[in-house]
Amino acid sequence: MLDTLTAALWATNLEPSATSLAGWVASVGARMAEAHTAGARLLVLPEFACAQWLSFAPVGLPPDQQVPWLASLTEDALAALRPLPAQYDVALLPGTMPFAVPGTGQAATAYLNRAWLLLPDGGAFAQDKLCLTPSEQNPAGWLLTPGDTVNVIPWEGLRVAIVVCLDVELTALWARLATLDLDLVLVPAKTDLPSGYYRVFGCAKARAIELQTVVCAVGAVGSPLGHPAVDTVIGGAAAFLPCEATLGDIGVAAALDPHSAASGLSPFLVAQRLPVGFCRRIRRGAAEAEVWPGSWPADHVSIVDPPAPL
C-alpha cells in the first residue's frame with residue numbers, strides 16, 4: 001500500500017495539430033517518459049484530450065459526426081496506449097474518449113464520455129461521465145449519453161475513483177462517495193470559460209476537504225482547430241489535500257496557474273509525494289483531524305421552510 005504518490009498532471013493544449021493517431025500516441029509516450037524520469041507513478045490527461053484527433057479528421061466533418069468519428073478511433077487508441085504503462089512503470093489516465101455502446105429507442109448507437117485508467121500490470125478500468133453539460137446533449141453537435149455507475153478502482157493498495165469534470169460539482173454524488181474510504185480521486189476536465197475552470201477546481205479542493213483525501217484535477221488548454229488569441233478555454237492542474245495543519249494548512253500540494261491557449265503552453269505539473277497514507281490515517285481516526293466530523297450524514301436534520309415566527 002502506497003504511503004505517498006508522485007503524480008504527473010498534463011494540462012494538454014488541444015490547439016496544436018496532431019498529424020495522425022500514431023503521432024498523438026507518441027506525444028503521450030514522450031510525456032510518460034518525462035513522468036517516469038520525474039519519479040511519477042501516474043500520468044493524468046484532461047477530459048477530451050482525444051479532441052486533438054480532429055486535426056486529422058475528414059475535411060468538413062460536421063459537428064454531429066465528430067463524436068462518432070472520434071469513437072471509431074477509440075479502440076485503436078487504447079490498443080496503442082496499453083503497452084505504455086508497463087514500458088514506463090507509470091499508470092496512465094489518457095483523458096476521456098467517446099465510447100460507442102448499443103443505443104435505445106431510435107438510436108442504434110449511443111456514445112459515452114469515458115475515461116480509462118491503464119495500469120502497468122496490464123489492468124484497465126473505465127469510468128463514464130455521469131452528468132452531461134448542455135454542449136454534450138446537443139443533437140446538432142456532441143450528443144453523448146450519461147453513465148450510471150461509479151467504479152472504485154484498486155491500485156497499489158489504494159482505493160481510486162475517477163470523477164469527470166462537471167461530476168465534481170454534484171453534492172448528491174459526493175455524499176455517496178464520502179462513505180467509500182477513497183485514497184485518491186482523479187478529475188479530468190475541460191471547461192469552456194474561466195468560470196467553469198474555477199467551479200471545477202474550487203469544487204475539487206472542497207471535495208479533498210470533505211472526504212479527507214487527495215484530489216488531482218487537470219483541465220485542457222484551448223480547443224481543437226481553435227484560435228489561440230480568442231479561445232476562452234482555460235486549463236491547469238492541481239493536487240488538493242485536506243486543509244489540516246499537519247498537511248500544510250492551505251489544502252494545495254501543488255498547482256499550476258490557469259493557462260489560456262494564447263499562452264501557447266501545454267503545461268505539465270509533477271505533484272511530488274502526495275500524502276495518501278497520512279490522509280488515510282486521518283480518515284480512519286489513526287491521526288488527528290482538527291475538526292473533521294467524519295462522513296457526516298444529514299439524515300437527522302429537518303428542513304423548516306418557512307419557519308414559524310418566534
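In this predicted model, a nonpolar surface patch is formed by Trp-296, Val-301 and Ile-303, which together have about 370 Å² of accessible area. Trp-296 sits in the segment after α6 (276-283). This residue, Trp-296, is exposed, at 54% relative accessible area.

Salt bridges number 13. One of them links Asp-183 and Arg-280, at 2.9 Å from N to O. Asp-183 lies in the loop between α4 (171-177) and β9 (184-189), and Arg-280 lies in helix α6, so the pair ties together parts that are 97 residues apart in sequence. Asp-183 and Arg-280 are both buried. Asp-183 also forms a salt bridge with Arg-283, with the closest N and O atoms 2.8 Å apart. Arg-283 is in helix α6 as well, so this pair ties together parts 100 residues apart in sequence. Asp-183 has a relative accessibility of 1%. Arg-283 is buried, with a relative accessible area of 13%. Shared partners join Asp-181, Asp-183, Arg-280, Arg-283 and Arg-284 into one salt-bridge network.

Another salt bridge pairs Glu-34 with Arg-31 (2.8 Å, N to O). Both residues belong to helix α1 (residues 21-37); they are 3 residues apart, or about one helical turn. Glu-34 is partly exposed at 36% relative accessibility, whereas Arg-31 is buried at 15%.

The disulfide count is 0. Cys-203 is in no disulfide, because its nearest cysteine sulfur, that of Cys-165, is 11 Å away and a disulfide requires sulfur atoms within 2.5 Å. Cys-216 is likewise in no disulfide; the nearest cysteine sulfur belongs to Cys-279, 11 Å away. Cys-203 is partly exposed, at 21% relative accessible area. Cys-216 is buried, at 1%.

Definitions and conventions. Residues numbered from 1 in each chain as written. Predicted model: local features only at pLDDT ≥ 70, side-chain atom pairs only at ≥ 80, totals over all residues. Heavy atoms only, no water. Patch = residues over 30% accessible without salt bridge, like charges linked within 9 Å, V, L, I, M, F, W, Y side chains within 5 Å. Areas by Shrake-Rupley, 256 points an atom, 1.4 Å probe, with all protein chains shown as cover. Salt bridge = Lys/Arg side-chain N within 4 Å of Asp/Glu carboxyl O. Helix = DSSP H or I, 4+ residues; strand = E, 2+ residues; numbered from the N terminus. Buried < 20%, exposed > 50% of the residue type's maximum accessible area, 1.4 Å probe, protein only.
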